[in-house]
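The sequence and the structure are shown first.

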Amino acid sequence: MENRFGIKDFLLLTLVVVLIVMVALAMKQYDRQWNELRAIRANIDAQSRDLRDLQGRIASGAIAARPAEGGAAPATTQAIDPRDPFAYIRAAKAKPDYAAGDWLVQVFPGQVAKLTPLLSGDAYASQVQGHIQESLATRDFNTLDWKPLLATDWRVEDNTAAWDEYAAKRRAVPLTEEEVRQDAAFPKDEPAEAQQAYITERLRIGRTNADIAKEPETPVALAVRFKLRPGAQFSDGRPVTADDVVFSYNFVMNPAIAAPRHRAYLERIKAVNKIADDEVEFIYKEPYFEAFDLAATMPIMPKHFYEKFGAEEFNQSVGLLMGSGPYRLESPTNWKPGTPVQLVRNERYWGVAPAFNRLVFREISSDKGRLAAFRNGETDTFGATPEQYRELIKDEPLMKRVQRFEYQNPVGGYRYVAWNQKNPLFADKRVRQALTMLLDRPRMINEIALGYAVQSTGPFNPLSKQYSPDVKPWPYDVDRAKKLLADAGFADRNNDGVIELPDGKPFEFRLTYPGGGGNYEKMVLFMKDAYARAGIVLKPDPLEWGVFTSRLNDKNFEAISLGWSSGIESDIYQMFHSSQTGPGGDNFMSYVSKPLDALIEAARTTVDESARMPLWNKAHEVLHEDQPYTFLWFPKSLSFVDGRIENVEQVKLGLTPNEVWYVPRDEQRYTQ
């Protein structure tokens with residue numbers, strides 16, 4: 001059969017060629033249009049940045065209005081307004097090299113497990129949430145005074161005198177056994193012996209402030225009323241109202257919500273009431289030294305967003321995060337662990353916007369990885385271990401392009417080892433005292449912290465008024481420690497080098513700690529050697545951060561090491577009061593001390609600072625005696641910041657917050 005190329009074939013081929021040419025031309029046209037769209041978008045973004053920059057400069061006075069003819073030009077500098085929450089941002093915007101834009105890239109030493117507020121329990125999530133959710137007032141980082149934020153004004157009504165008068169009369173009336181049986185904490189399901197022991201103890205204690213606060217005739221102790229800021233809105237454009245403030249409180253206090261830590265802080269509040277759409281009042285059951293702080297710093301959650309989720313759905317969530325702050329998640333519902341933690345600018349922000357377009361939080365678990373990323377310019381900030389700090393300050397080329405800060409933070413936290421007292425090894429305080437005295441803590445500070453720390457004797461910063469001057473550190477005394485262990489019943493009964501209890505249980509325990517950083521490895525090896533000298537076997541148990549926090553929450557550990565942050569005045573109720581030994585409570589070592597409970601309760605209800613501080617001092621002394629923790633040290637802050645970032649300064653609370661940082665235009669690294 002013969003193949004021929006006919007007219008039909010020619011026409012078909014011609015049609016195919018025409019189609020190919022048309023497709024090629026269309027693709028070229030689309031590419032040209034796409035490039036034009038990208039250029040238009042880039043121009044719009046640039047114009048938006050310039051407009052924000054211009055608005056900020058006008059607001060701050062950096063660009064003056066044209067004066068009337070013959071008149072003098074207005075001043076271009078302004079004093080810091082103590083009532084303006086954005087005064088420091090305005091001052092930054094007034095600087096001649098200020099520019100909006102760029103990204104701030106920071107690093108977390110572990111993976112963030114949850115970003116949903118109330119459910120997350122680590123400092124990493126709190127840092128992210130702090131850029132997204134706001135409170136009614138905030139502290140000035142330089143003066144420590146309160147400044148308005150979502151509220152513009154407030155009024156405190158102190159009725160402590162009337163409350164105390166009523167409470168004194170009620171304490172004089174003995175408790176009855178029937179009243180004790182109605183107590184919510186009465187062990188109804190326990191044996192009769194346990195119930196009787198509870199009744200006997202409660203009758204001995206008598207009426208407490210908590211008992212009196214529940215009585216309907218008890219007068220209001222304190223009331224704090226806030227006037228909300230007009231124009232404040234959430235990132236979806238909905239206004240912030242009194243309904244959102246009331247909802248935020250009620251949501252936390254709902255027992256179906258898995259937020260026992262937050263409820264413990266707010267339990268002194270009797271109610272939060274809406275007075276008007278722009279006015280709200282916090283009413284307290286009893287006097288509380290941090291009454292204003294509690295109300296002022298409660299993060300405000302948008303009711304219209306969170307009320308859509310039932311308690312079970314909320315409790316199972318990991319990334320439900322929306323607020324009124326200057327940044328937001330790209331999606332307030334879709335973040336999952338393992339995906340990048342990045343915050344974008346809230347374009348609807350009601351206040352004065354900070355400079356950075358995006359905040360990026362990289363998760364790098366190893367010390368070496370974080371150090372390498374900072375050296376390579378992949379991250380902008382770096383909190384160094386003492387070893388890294390010593391190494392970095394010798395690197396002259398690096399020091400020329402970064403800023404370094406070394407300081408003892410007056411509100412800095414402390415490193416500790418907590419002893420699980422449900423474990424029979426740690427139930428006797430003599431054992432816990434011995435475990436502390438077996439550690440040469442000054443040597444640990446010199447060898448592990450390289451001297452960049454001060455010794456800790458309790459939960460209060462040595463610079464705080466709460467710190468008792470009568471407390472002296474437990475000495476390093478191996479012989480005395482061995483005697484205490486012997487008095488507690490420990491001896492090497494089978495000559496294997498390990499001491500045992502009378503029942504033959506050897507003194508062996510696992511010390512659980514975050515793996516991959518913070519000089520924990522070196523610290524644990526030091527402790528292992530120190531305890532071996534007394535016949536105690538320490539088994540290191542390093543864990544990835546997510547697993548570590550799960551073990552902590554479940555109290556699935558024998559001993560555990562971590563650090564607590566601190567405050568201007570620390571409320572230690574959540575960490576050390578016996579009521580916080582339950583599921584989710586931060587008294588995860590199950591420490592119970594009735595004398596300490598009484599001191600904490602008294603201090604928290606004493607509004608007068610001069611009367612309150614001796615109570616905290618006594619609480620410090622009780623904790624030092626009981627050693628539920630071995631308190632190790634308060635580390636110094638050893639920080640580095642990329643040199644292109646301006647307006648980074650040391651202030652009373654550490655460094656200026658990154659909301660006031662900026663990068664001059666010609667030094668910006670991330671343009672999209």
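At the start of helix H18, the backbone nitrogen of Asp479 has a side-chain oxygen of Asp477 within 3.4 Å. The model in which this contact occurs is predicted.

**Helix H18**

Helix H18 comprises residues 478–487, and its buried residues are Ala481, Leu484 and Leu485. These residues lie on the same side of H18, because the arc they cover around the axis is only 100°. Helix H16 (429–437) is included in what covers the buried residues of H18. Asp479 and Lys483 are exposed, and the face that carries them is turned away from the buried side of H18. Asp479 is also the residue whose backbone nitrogen is reached by Asp477.

**Positive phi values**

After H18 comes Gly489, with a positive phi near 100°.

| Residue | Phi |
|---|---|
| Asn495 | near 55° |
| Ser590 | about 60° |

Asn495 is a residue other than glycine, and Ser590 is likewise not a glycine. The loop between H18 and strand E15 (508–514) contains Asn495. Ser590 is located in the loop between helix H21 (573–576) and helix H22 (594–604).

Which of these two residues counts as buried, and which as exposed? Asn495 has a relative accessibility of 70% and therefore counts as exposed, the cut-off being over 50%. Ser590 has a relative accessibility of 12% and so counts as buried, since the cut-off for that class is under 20%.

Definitions and conventions:
Residues numbered from 1 in each chain as written. Predicted model: local features only at pLDDT ≥ 70, side-chain atom pairs only at ≥ 80, totals over all residues. Heavy atoms only, no water. Buried < 20%, exposed > 50% of the residue type's maximum accessible area, 1.4 Å probe, protein only. Helix = DSSP H or I, 4+ residues; strand = E, 2+ residues; numbered from the N terminus. Arc of directions from axis to C-beta. Contact = heavy atoms within 4.5 Å. Polar contact = N/O pair within 3.5 Å; in protein donor to acceptor, adjacent residues only side chain to side chain.
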